[in-house]
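Please read the points below alongside the sequence and the model.

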Amino acid sequence: MHLKQLEIQGFKSFAEKVTLELTKGITAVVGPNGSGKSNVVDAIRWVLGEQSAKSLRGIKMDDIIFAGSTTKKAIGMAEVSLTFTNVEGTLPLDFNEINITRRLFRSGESEYLINKASCRLKDIYELFMDTGIGKEGFSIIGQGKIDEVLSLKPEDRRNLIEESAGIVKYRYRKTEAQKK
Ligand code: ATP
Ligand code: MG
């Protein structure tokens, strides 16, 4: 499985739609300070369900919507989509390609989609559980993250190891079952 395509529109510094095609292997994003490199990673964490505006370097969630620049007007909606190849069936859905989308309108309304069908944030969370891809997944190692991991509390370190080992879903299902 790999991330095949990333589409960003109206998210942070990306006013117009930008489509990035990614192949297997390493892709490096280079550019001057302030050109939007970190915004690309923020977009990925956001579509995976990040709910904390602060960890997206904002104050409130609508700070992620393009706020206008000297040449362009502000926009009313942010939309980010990721497309993963899934031929090996790593993600528990019977599709060779899986697309997830998140939208946020200035009105505060938000939408999540899996393969263009409306879903809940919970469905996105469950889809990526134990794959390491979720918003807290170890597939995104931000600046300072290594130091953070080394100084984690024992229970947080255990959570990280459990996610790597792919056993988070069992604990999750038990908690969900106990709610019923
Ligand atoms: P560095 O090399 O310094 O880490 P970078 O390439 O990672 O830079 P980013 O932090 O991704 O840069 O981008 C910052 C830019 O994004 C700033 O110019 C900021 O004004 C712009 N930006 C952030 N949020 C918005 C928004 N809602 N609307 C418009 N522009 C935004
Ligand atoms: Mg940066």
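**Notes on the model**

1. The shell around ligand 1 is made up of eight polar, three charged and three nonpolar residues (nonpolar: Ala, Val, Leu, Ile, Met, Phe, Trp, Tyr, Cys and Pro; charged: Asp, Glu, Lys and Arg; polar: the others, Gly among them). Of these 14 residues, Asn-33, Lys-37, Ser-38, Asn-39 and Ala-67 come nearest (a residue is near a molecule if its C-beta atom, placed from the backbone, lies within 6 Å of it).

2. This is a predicted model, in which local features need pLDDT of at least 70 and side-chain atom pairs count only at pLDDT 80 or more, while totals for chains, interfaces and linings use all residues. Residues are numbered from 1 along each chain as its sequence is written, and chains are lettered from A and ligands numbered from 1 in the order in which they are written.

3. An unreviewed UniProt entry places the feature "binding site" at Pro-32, Asn-33, Gly-34, Ser-35, Gly-36, Lys-37, Ser-38 and Asn-39; such annotations may be inferred rather than shown by experiment.

4. Ser-35 sits in the loop between β2 (18–21) and α1 (helices are DSSP runs of H or I with at least four residues, strands runs of E with at least two, numbered from the N terminus). Ser-35 is exposed, with 11 other C-beta atoms within 10 Å (exposed means 12 or fewer, buried 20 or more, partly exposed in between, with C-beta atoms placed from the backbone).

5. Asn-39 belongs to helix α1 and is partly exposed, having 19 other C-beta atoms within 10 Å. Beyond its neighbours within four places in sequence, Asn-39 is in contact with Lys-12, Ser-13 and Phe-14 (contact: C-beta atoms, placed from the backbone, within 7 Å).

6. The largest nonpolar core has 23 residues, of which Phe-11, Ala-43, Trp-46, Val-47, Ile-64, Ala-78 and Val-80 touch the most other members (such a core is a set of buried Ala, Val, Leu, Ile, Met, Phe, Trp, Tyr and Cys residues joined through C-beta atoms within 7 Å). Two or more residues come from each of α1 (37–47), β3 (77–85), β4 (97–105) and α2 (121–128), and β3 gives the largest share, four residues.

7. Setting aside neighbours within four places in sequence, Ile-64 contacts Phe-11, Lys-12, Trp-46, Leu-56, Gly-58, Ala-78 and Leu-104.

8. Ile-124, Leu-127 and Phe-128 are buried in α2. Down the axis of α2, its buried residues fall within an arc of 85 degrees, so they line one face of the helix (the arc is taken over directions from the helix axis to the C-beta atoms). Their cover includes β4, β5 (110–114) and β6 (117–119).

Conventions: Contact = placed C-beta atoms within 7 Å.
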